[in-house]
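This report covers a ligand site and a metal site. The sequence and structure come before the details.

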Amino acid sequence: MIKKLNQVVYRTKRQPNYSFALLLIDIDRFKIINDSLGYAVGDLFLRAIARRLEKCLHGKGTVVRLWGDEFAILLEHISDISVACHIAQLIHQKLCLPFYLNGQEVLTTASTGIVMGIGDQLSSSNNQAEDLLRNADIAMHRAKAQGGARYEVFDTAMYLHFQTLSQLENDLRRAIINNEFQVYYQPIVFLETHKIVGFEALVRWIHPQRGLLLPAEFLKLAEDTGLLIFIDWWVLRSACFHMRQLQEEFPTYPPLTLSVNFSSKQFTQPNLVEKIQQILQETGIKAHNLRLEMTESAMIKDSEAVSATFAQLKALGINLYIDDFGTGYSSLSYLHRFPIDTIKIDRSFMNSNNSHTEKLAIVRAIVTLAHTLNMDVIAEGVETVEQLSQMTEMQCEYGQGYLFSKPVNSHAMKALIAAQLPC
Ligand code: C2E
Ligand code: CA
Ligand code: CA
């Protein structure tokens, strides 16, 4: 395909009126189909797709299987993007029709990236064919990110976005090697006494050029690239070390709890329990002082495996928290299916117009539900005295938010505890 593309590029550059389109087609969820049907049928499937693509084109283009489940189509003599889009649409319609393989019906969809090659717009680089394929690939991934079963046309904004993400990904990989992360801590307060009973560990990235970055700027990418797993382990280990130092410095302060956020992928990691045990042992933190916070998606992903892991963690004495409660599925069935100790009510229920009676009614219902199931409640994002008194009145046990303290570094965390001790 590269050779053919190069030829077409060459011709296009010599004839400014000539233009072409390149389509990159990727089958959605092919891995699942391949795994469930077996590789032999998977191969038949790909060949059937190639035949169907050929048929769609009626000899008016070249189809090539690039690798895996990716196909490239070169449409020559295409002067208008709308024609390429029309063909992509036609291809998608045809690919949606069932395939019959070894007596089985298989249904599929595809994601397509489209890029135009127009004489005077072609770049001056020597790798034009590669550049075109990369641009079609960027557009195809955009189509996938939008949920698949669609096409996207490449544009410069897409390339800039891609460049920013690639830069961030490189930076993130370097950050892991160079230890550019820091853990910040936000106190969790017992509402009856206003005493700090524990801290939540929150990751920060001290970027060499951009300064302190909040998780919102890099966690999604870290998760998509699989790097979040490294970060989560690093945070757990660092936070346990800091907590140990705190205990040593303030031996008379009642044992503090440490909450660490674990991404949903983390719970399906092999040897998760052994790894946690090892970190606890190395740092001298007791399992019953550790809390793992997870969002509801962790429970939905692979409930059988996750359920077994939760049971092991509970057996060690580790407490499990549901984070951001009220924002996800909030399925009540898993509340009693999984050994959850505490619910953290998402801060969206706290901020904005808190006098809003409907929101308050939901918070009240969550607190009652948690108490009926013998769970504690932490109100997140408590910013005002009014919110604090509402949560206290509802008999919510704990609170966390700017009213008590913003997340702070490990030095300031010590100062927060020192300030709580009697003079
Ligand atoms: P989260 O677990 O819900 O953490 C609480 C977030 O709310 C923190 O944002 C905290 O700074 C913010 N916050 C606390 N009190 C208030 C308040 O009164 N008002 C407002 N407006 N915000 C408040 P942060 O540190 O930016 O973290 C964002 C999210 O990133 C966390 O939400 C958590 O889901 C995730 N995260 C942070 N650190 C880690 C980590 O080490 N691993 C993983 N997997 N996720 C992490
Ligand atoms: Ca959390
Ligand atoms: Ca939360």
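## Ligand 1 and its shell

Around ligand 1 there are 22 residues, the closest being Arg 204, Asp 232, Arg 347, Glu 383 and Tyr 402; a residue is near a molecule if one of its heavy atoms lies within 4 Å of it. The model is predicted: local features need pLDDT of at least 70, side-chain atom pairs count only at pLDDT 80 or more, and totals for chains, interfaces and linings use all residues. Residues are numbered from 1 along each chain as its sequence is written, chains are lettered from A and ligands numbered from 1 in the order written, and side-chain values use heavy atoms, leaving out hydrogens and water.

By type, the shell residues are nine nonpolar, five polar and eight charged (nonpolar: Ala, Val, Leu, Ile, Met, Phe, Trp, Tyr, Cys and Pro; charged: Asp, Glu, Lys and Arg; polar: the others, Gly among them).

## Polar contacts

A polar side-chain atom of Asp 232 is 2.6 Å from a nitrogen atom of ligand 1. For Asp 323, a side-chain N or O atom lies 2.9 Å from an oxygen atom of ligand 1.

## Calcium ions

Asp 323 also bridges the calcium ion (ligand 3) and the calcium ion (ligand 2), which lie 3.9 Å apart. Ligand 3 is coordinated by Asp 323 (OD), Asp 324 (OD), Glu 380 (OE) and Glu 380 (OE), at 2.1 to 2.5 Å. Donors are N, O and S atoms within 2.8 Å of the metal (3.2 Å for Na, K and Ca); water is not among the atoms, so sites may look incomplete.

Definitions and conventions. Polar contact = N/O pair within 3.5 Å; in protein donor to acceptor, adjacent residues only side chain to side chain.
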